[in-house]
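Biologist: I am new to this structure. Could you show me how to read it, one feature at a time?

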Amino acid sequence: MAWTNVYFTPAQVGAHNSSDDLWVSFLGHVYDLTAFVAEHEGSPLTKPIIAAAGTDISHWFDKEKKDLKRFIDPVTGVEAFYTPNGRMLHVPPPGPSTKWATNFGKPWWQDDSRIVGNLSQCTRLVKITNMLSSQSQTIEVCNEETLEQIQERYLVYNSHSQSYTWKHLGRVLEMDKTLGENGIEELSEEFYKLSIDQHEFVPELQVYFNDDLTNP
């Protein structure tokens with residue numbers, strides 16, 4: 001699956017927060033529901049999904065069953081789906097209805113074809129300094145990402161970053177490994193316990209220009 005090793009920060013998911021650009025995350029995955037909501041444009045059952053655009057909705061789901069949570073309705077005594085924003089697409093009505101179509105296949109929250117990646121379980125800041133220009137950028141990255149993936153994030157600042165050697169404290173980094181695997185530990189929990197502002201101790205990566213340029 002193309003999305004297996006793709007990670008997004010919560011901020012990236014949060015940027016897709018409208019009906020015509022709609023992502024949500026839950027149970028560790030990120031879903032693009034833009035086309036799905038467009039297919040049902042005008043339906044009031046899209047409103048709870050649109051209201052949640054750009055957010056994590058894991059609290060709607062049973063982690064073990066990977067399905068919407070259920071509860072016993074205190075009025076009817078019947079089991080019902082937990083939908084805190086109101087009934088939404090693919091959720092049956094509270095009572096029998098001839099208008100309820102069940103030919104939609106899998107409900108949208110079980111349709112893996114809508115997954116675009118994984119929600120990072122831990123993000124961190126890194127400072128990247130171009131030793132040729134002396135310019136630095138501090139960016140948020142996913143702890144699960146390899147240096148190659150971090151390099152892709154850095155392309156917006158330096159389109160030729162693939163023509164640079166990446167180092168930390170004078171040591172060449174292995175681009176197919178994560179920061180942690182390269183010995184750059186994630187210490188935010190330790191900083192929190194010690195009441196230290198982690199933003200004051202952001203690890204710095206130095207990029208050194210090689211002779212050849214890659215195509216932009």
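Predicted model: local features only at pLDDT ≥ 70, side-chain atom pairs only at ≥ 80, totals over all residues.

Biologist: Where is the place of His16?

Modeller: His16 sits in the loop between helix H1 (10-14) and S2.

Biologist: Is His16 buried or exposed?

Modeller: Buried means under 20% relative accessible area. His16 has 19% relative accessibility, so it counts as buried.

Biologist: Now the strands. How do I read a sheet?

Modeller: Strands of a sheet pair through backbone hydrogen bonds, either parallel or antiparallel. Here five strands form an open sheet, in the order S1-S9-S4-S3-S2, with mixed pairing.

Biologist: Which are the edge strands?

Modeller: Strand S1 (7-8) and S2 are the edge strands, as each pairs on one side only.

Biologist: How do S2 and S3 pair?

Modeller: Strand S2 (residues 17-18) pairs with S3 in the antiparallel sense, over two bridges. Asn17 stands opposite Leu22 in S3. Ser18 stands opposite Asp21 in S3. The two strands, S2 and S3, form a hairpin with two residues between them.

Biologist: And what happens on the S4 side of the sheet?

Modeller: S3 and strand S4 (residues 29-32) pair in the antiparallel sense, over four bridges. Take Phe26: its bridge partner in S4 is His29. S3 and S4 form a hairpin too, with two residues between the strands. In that hairpin, Leu27 takes a positive phi near 50°.

Biologist: Why is strand S3 described as largely enclosed by the rest of the structure?

Modeller: Count its buried residues. In strand S3 (residues 21-26), five of the six residues are buried, so the strand is largely enclosed by the rest of the structure.

Biologist: What should I look for in a core?

Modeller: In soluble globular proteins, nonpolar side chains tend to be buried together. The largest nonpolar core here has 23 residues. Phe26, Ile49, Ile57, Leu68 and Trp108 touch the most other members. S3 and helix H2 (34-39) are the elements that give two or more residues to this core. S3 gives the largest share, three residues.

Biologist: Which residues does Ile49 touch?

Modeller: Not counting residues up to four places away in sequence, Ile49 touches Leu22, Leu33, Phe36, Val37, Met88, Leu89 and Trp108. Another core lies apart from the largest one. That other core has 15 residues, among them Ile139, Tyr154, Met175 and Ile184.

Notes:
Residues numbered from 1 in each chain as written. Heavy atoms only, no water. Buried < 20%, exposed > 50% of the residue type's maximum accessible area, 1.4 Å probe, protein only. Pairing = 2+ DSSP bridges. Core = buried A, V, L, I, M, F, W, Y, C linked by side-chain atoms within 4.5 Å. Contact = heavy atoms within 4.5 Å.
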